[in-house]
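The structure comes first, then the points by topic.

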Amino acid sequence: MPVIAPSLLACNFLKLQEECDMLNESEADWFHLDIMDGRFVPNISFGMPLVEKIRKATNKPCDVHLMIEEPGKYAADFKIAGADHLIVHYEACPHLHRNIQQIKNLGMKAGIAINPHTPVQLLQDILEYTDIICMMSVNPGFGGQEFIPHTLTKIQLLRQRIDQLKLNTVIEVDGGITLQNAKAVIEAGAHGLVAGTTIFNAPDPKGVIQRLKHI
Ligand code: DX5
Ligand code: ZN
């Protein structure tokens, strides 16, 4: 069964406790938290204080997706705020191996996100050090965008490589996931689905999570 990671970017922040309670009761596996700095991506979301609050509202792992420049400067602060997984962008990290080691040394799982135009082949020399690959299926920065179909080819390629190397690296796919395309994403080789709009805009979010989990 796929890992389901609802993206709280699409939740109702005025009812954050209720949204967290709903996710706690649901079949969701991870809480996906999108951090945007207005520089790496053309949008600003939220930061450590909110991660801290969410950490206190759940026992499920917090999957923190940093869409920020110079993520190394903030890795320790996100650990203190309660991140279990820290995901940095390939495109934001000229010294990626150093970032990955830093995250692991801080005691978190280390993830790399790649933009839709970044070839998966570029991950070849870092894959064995990486716990999670967050494959972006939209251009990062906003929820509610449409899934880019070419992502499916990239998932297949990356999954082949992970299997060839006998690694345990988890592929999560992030952006534009719907009940219509989720099956194709899993069949292409993804282990996990990040979904915001599809879950939180639905009349029955828990039901949608259940359907994604059993897709
Ligand atoms: C986009 C974020 C995603 C986003 C997904 O930059 O990384 O996690 O919240 O939202 P939906 O599922 O609405 O595309
Ligand atoms: Zn994300």
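Helix α4 is followed by Gly 107, whose phi is positive, near 90 degrees. The model is predicted: local features need pLDDT of at least 70 and side-chain atom pairs pLDDT 80 or more, while totals for chains, interfaces and linings use all residues. Residues are numbered from 1 along each chain as its sequence is written, ligands are numbered from 1 in the order written, and side-chain values use heavy atoms without hydrogens or water.

**Helix α4**
- Helices (H or I, at least four residues) and strands (E, at least two) are DSSP runs numbered from the N terminus.
- In α4 (residues 96-105), Leu 96, Asn 99, Ile 100 and Ile 103 are buried, meaning under 20% relative accessible area with a 1.4 Å probe and protein chains only.
- These residues cover an arc of only 100 degrees around the axis, which puts them on the same side of α4; the arc is that of directions from the helix axis to the C-beta atoms.
- Arg 98 and Asn 105, on the other side of α4, are exposed (over 50%).
- The buried residues of α4 pack against β4 (85-89) and β5 (109-114), contact being heavy atoms within 4.5 Å.

- His 65 lies in β3 (residues 62-67) and Asp 174 in β7 (residues 170-174), so the pair ties together parts 109 residues apart in sequence.
- His 65 counts as buried at 0% relative accessibility, and Asp 174 is buried at 7%.
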